[in-house]
Each structure stands twice: as C-alpha cells, then as structure tokens.
Amino acid sequence: MSRQLKLGAFLMATGHHVAAWRHPQVPANAGLDFAHYKRLAQIAEAAKFDTLFVADSVAAPTQTIASRMARSDHFEPLTLLSALSAVTEHIGLIATATTSYNEPYHVARKFASLDHLSGGRAGWNLVTSDNAAEALNFGRDEHIGHAERYSRAREFHQVVSGLWDSWEDDAFVRDKASGAYYDPSKLHVLDHVGEHFRVKGPLNVARSPQGQPVIVQAGSSETGRELAAQTAEVVFTAQTSLAGAQAFYADLKGRLAKYGRSADSLKIMPGVFVVVGQTEAEAQEKCETFQQLVEPEVGVALLGRMLGNFDLSKYPLDGPLPELPLTDSGQQSRQKLLTELAGRENLTLAELGRRMAGGRGHYSLVGTPTQIADHLQAWFEQGAADGFNVLVPHLPGGLEDFANGVVPELQRRGLFRTEYEGRTLREHLGLVRPQNRFV
C-alpha cells in the first residue's frame, strides 16, 4: 500500500472557535453532554479517522472575561473516552494527562485500563501543563518552571513505560486446575528511584493489548523536541506555513537516529483549522459568521493565555502586541510563533486576538473540499506532515463538513484509507507493538 496520511479529530466540546457556543447550530451545553460526544465519535469513525483527541486542563478559568467563553465545564477526558470506547469499535482514543500534576502510577494504571477497555485503542498525550493556574489546585503557590517541568516529564515517562511492562504478555495463566493465577517468573518489579519519583511497582493491570498505549506529545520548543525524539510516537504541532512545517518535520525526524529510532517510528501531525464550504464564498461566509461573534476582549484574553499566561487587558486593543518576556509557565514555542506572526503581518492586539479565535495559532484553511485537500496533499507529499490533527470551528457541523467533503476527496486521491487496516491504534498509525523491556 502506498503511504497514506493520518487524521485525528480534535474534539473541544462546542468547537475550536472561541465563539462557537454562541452559534445557533451548536449545543451550548456540549461539554457535559455525552450524547453529543457519542455522535462526534461515530461521525469520525464512519469517516475512518485514526483517532479522537481530547485535550485537558486541571484548572477552570475564573477571570471575569472567562464568563464570556465556554471553556469552564467539560468532562475529564479519560472518563469520557472510557465511555466512548463502549460505543465505538475502531477509532483511537487519545487523552491528555499532565506530568506536572499527576503521579506516574495513576497515569500508567488509567491508560492501561483504557487500552483494555477499548481493545487496544488508547493513547496518552503527555504534557507538562502550560496553564499556570493549575499549580494552585495542587498545593503550590506558583507553576513549576519550564526546565523542571521537562525534567520531571522525562522521568515520569520512564516510570510509566516501565510500569506498563510489569507483566509479560502471557503472565496471567489463570489455570483453575493447577490453581496458578499468574506465572511469578513473568512478573517484573520496577523499583524506580530517581530525582522526582520513587515507585516500587508492579502495576496492578496486566500488559495491555497494544503492549503500551501510544505516546503523544505536543512540545515544539527545543526541550520539547528533544523529549519527543526520545519518547513520542505521535507529535501534534502548530505550524503556520509549509516552509515552517517542513523545517520542523526535518528537524524532529533528524533527531531520532541518536535514540536508535527510525523515521517511521514517529508520526508528525500538525494541527489544521478547517472551514469547509461547497464554494469558496460559502466557506468564507461561514468563517466570518463565527468571527463576527468574537468580542475583542475575549480574543485578547485567549491570546494572552496562548502567549504564556499573560494579562493583556491593560494594553490598547488598537495597539501592537507588547514586548513580553519569555514565558516560563506556558508554551515557549507557541509564544514565538504568535509573536512572529504579529510582527510579520503588523497586527494590532485585537486583530491578533481575533485571528487566534479559531485556529489558535494553527494553520488555517477556508475553502472547498478540493482546495483543502490540495493543501493537505502538498504538506503530506512535500515533507511537512505524516497526517493532521483536524480542528473545526463548531461541532458537530464542522466535523460533518470535513467528513462528508474533504475525506472523500482524500480517498479519491488514494491518500486516505477507505477501511481500517486493523483494530488497534498502533495498527492504524503503522506503529510497531513494543516488546517488553524485561524479556
């Protein structure tokens, strides 16, 4: 089979546009409506998407402007995906869990359980947290610094992946006649002692169907890229141009060899914000409908969050983006991307905030299925992407537009599957099942 691109459906309750909840076609209570998520999962699975992706934060926005955004109430993602595993059969299920405000044993146990529940479709999006407010919910006065977060994340991953290998694949014999429930020779105690964690083990969940759930990361800073090259199997990234995406792709793939990895062992899937119309004019009209719902202060508040937890409310809306120090609590790569965008296009604060309202710094495409497929094909074939994490302005309508329009066009070109190749997320993505490190 010729190389085919991978697709993830990035689900954010009402949609990615910050004003989506105000649109008449969007259920405003979507964040806590399981029937809504069930419908989204089944739309994506019918279109043969590789995976669903649910992001997360362990802090609710509480500043005054947050009362104008639908970002404060939503399901905990592992609980949600466990429920969705029962109403889907093939599509992968990726959830975010922070290494800064969790313990490795908890994360290892939960994702191993999801992998069993789903028959091998779980993925863990390993993040270090870019929301400084999370610290206040976990006994800290301030967020962990950037360097320490990544040091902790690297060791956190070592512990989790080690716990996932606690049991060999055939350790549990469950032989009623002999009375042997498991073979003691196939149990391995991790006994980890490190800078950040002391974890004895073993995990109280058998080795999962995929051997280990798929590891996903989204860091694009220098430290984030190095961690991804060492540990990740899928990388989500924000890129605003073909040239930038090509440079990122080449850089990250080029780091793999020193860790004994092949280029195919890591799939790079940039985010792409997509608004689909039967004509280009219709697509533009759809996009503008959402943009008209954006209050300038809301766009700027979102921008400040994306830049690294800065309060921009004291700056004039019609003025330029102020010079800001390098964030130590947020995503340094996203701060760099947005600062460069503002300077390149000479955008005011309000204009940049409005630009962030939909794609939040991701590559944005507004057009017909053919036009959108042209861009995706170019990135895929010209060394910029192995696939895409698809963001749509509103749900479920935006996902239906992509599934009914863009996916058939990609299939017609032979760029995307018409049937699933297997049952597990690793099989969908073309990733090998890892051997148990103790065998």
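Which residues are buried in helix 5 (residues 222-231)? They are Gly-224, Glu-226, Leu-227, Ala-228, Ala-229 and Thr-231. Buried means under 20% relative accessible area, with exposed over 50% and partly exposed in between (1.4 Å probe, protein chains only). Helices (H or I, at least four residues) and strands (E, at least two) are DSSP runs, numbered from the N terminus.

This is a predicted model, where local features need pLDDT of at least 70, side-chain atom pairs count only at pLDDT 80 or more, and totals for chains, interfaces and linings use all residues. Residues are numbered from 1 along each chain as its sequence is written, and side-chain values use heavy atoms, leaving out hydrogens and water.

What covers helix 5? The cover of its buried residues includes strand 4 (122-127), helix 4, strand 7 (214-217), strand 8 (234-237) and helix 6 (242-254).

Now the core. A nonpolar core is a set of buried Ala, Val, Leu, Ile, Met, Phe, Trp, Tyr and Cys residues joined through side-chain atoms within 4.5 Å. The largest one has 69 residues. Leu-7, Phe-49 and Trp-124 have the most contacts inside it. Helix 4 (residues 146-164) gives this core its largest share, seven residues. Take Trp-124. Leaving aside neighbours within four places in sequence, Trp-124 is in contact (heavy atoms within 4.5 Å) with residues including Ala-95, Phe-111, Phe-156, Trp-164 and Val-216. A second, separate core has 21 residues, among them Val-18, Ala-19, Met-69 and Leu-337.

Next, two helix pairs. Axes are lines fitted to C-alpha atoms, for helices over the stretch in contact, and angles run from 0 to 180 degrees between N-to-C directions. The axes of helix 2 (residues 77-85) and helix 3 (residues 104-118) come within 9 Å and cross at roughly 15 degrees. Helix 2 is therefore roughly parallel to helix 3. Angles under 35 degrees count as roughly parallel, over 145 as roughly antiparallel, 65 to 115 as roughly perpendicular and the rest as oblique. Leu-78, Leu-81, Ser-82 and Ser-85 of helix 2 meet Lys-110, Phe-111, Leu-114, Leu-117 and Ser-118 of helix 3.

Helix 11 (residues 369-381) and helix 12 (residues 397-412) have axes that come within 9 Å and cross at roughly 55 degrees. So helix 11 is oblique to helix 12. On the helix 11 side, the contact residues are Pro-369, Thr-370, Ile-372, Ala-373 and Leu-376. Helix 12 brings Phe-402, Gly-405, Val-406, Glu-409 and Leu-410.
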